[in-house]
Amino acid sequence: ILRCLVGSEMCIRDRYENLRAVYDTIYAKWIPEKGYKLGDTPGFEKYLNHPDHTEPENLITEIYIPVQ
C-alpha cells in the first residue's frame with residue numbers, strides 16, 4: 001500500500017482485490033483520524049495494469065480522493 005498526498009488529493013495504491021477494505025479504511029478511519037474533510041470534487045480510480053494481461057492477485061489500482 002502506498003499512501004500520499006498530492007496537493008489536495010489523497011492517493012492510495014493497493015491490489016484490486018483489496019479495494020473494498022481499503023475504501024472502508026479510508027472513509028471510516030484514515031480521513032477522520034487525520035482530521036481531513038472530503039473535497040468538493042469526485043474521487044476516481046486509476047488502474048495501473050489490465051485484467052486481460054495480469055493475474056488477479058497482481059492487479060494494482062490507485063484511489064484518488066480529494067481532501068481538505
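Analyst: The model is a predicted one, in which local features need pLDDT of at least 70 and side-chain atom pairs count only at pLDDT 80 or more, while totals for chains, interfaces and linings use all residues. Residues are numbered from 1 along each chain as its sequence is written, and side-chain values use heavy atoms, with hydrogens and water left out.

Tryptophan 30 belongs to the largest nonpolar core, whose ten residues are Met10, Ile12, Leu19, Val22, Ile26, Trp30, Ile31, Ile63, Ile65 and Val67; such a core is a set of buried Ala, Val, Leu, Ile, Met, Phe, Trp, Tyr and Cys residues joined through side-chain atoms within 4.5 Å. Two or more of its residues come from each of β2 (9-15), α1 (19-34) and β4, with α1 giving the largest share, five residues. These element names follow DSSP runs, numbered from the N terminus: helices are H or I runs of at least four residues, and strands are E runs of at least two.

Within α1, the buried residues are Leu19, Val22, Ile26, Trp30 and Ile31. An α-helix has 3.6 residues a turn, so residues three or four places apart point the same way. The helix α1 also has a kink of about 45°, centred on isoleucine 26, the bend at a residue being the angle between axes fitted to the seven residues ending there and the seven starting there. Just after α1, glycine 35 adopts a positive phi of about 80°.

Strand β4 (residues 60-66) is mostly covered, with six of its seven residues buried. Threonine 61 lies in this strand and is buried, at a relative accessible area of 1%. Neighbours within four places in sequence aside, threonine 61 is in contact with residues including Ile12, Leu19 and Glu45, contact meaning heavy atoms within 4.5 Å. Beyond the segment's end, valine 67 lies after β4 and is buried as well, at 6% relative accessible area.

Valine 67 and tyrosine 36 are 31 residues apart in sequence, yet their C-alpha atoms are 6.0 Å apart in space. Tyrosine 36 is partly exposed, with a relative accessible area of 26%.

The aromatic pairs number four, under a rule by which rings of Phe, Tyr and Trp (its six-membered ring) pair if their centres lie within 6.5 Å, with planes under 30 degrees apart counted as stacked, over 60 as edge-to-face and the rest as tilted. One of them joins tryptophan 30 and tyrosine 36, a stacked pair at 5.6 Å centre to centre with 25° between the planes. Phenylalanine 44 and tyrosine 64 also form a stacked pair, because their ring centres are 4.7 Å apart and their planes stand at 10°. This pair links distant parts of the chain, 20 residues apart, with phenylalanine 44 in strand β3 and tyrosine 64 in strand β4.

Phenylalanine 44 is partly exposed at 39% relative accessible area, whereas tyrosine 64 is buried at 14%. Strands β3 (residues 44-47) and β4 run antiparallel and are joined by four bridges, strands being paired if DSSP finds at least two bridges between them. Tyrosine 64 is the bridge partner of phenylalanine 44 in β4.

Note on methods. Buried means under 20% relative accessible area, exposed over 50%, partly exposed in between (1.4 Å probe, protein chains only).
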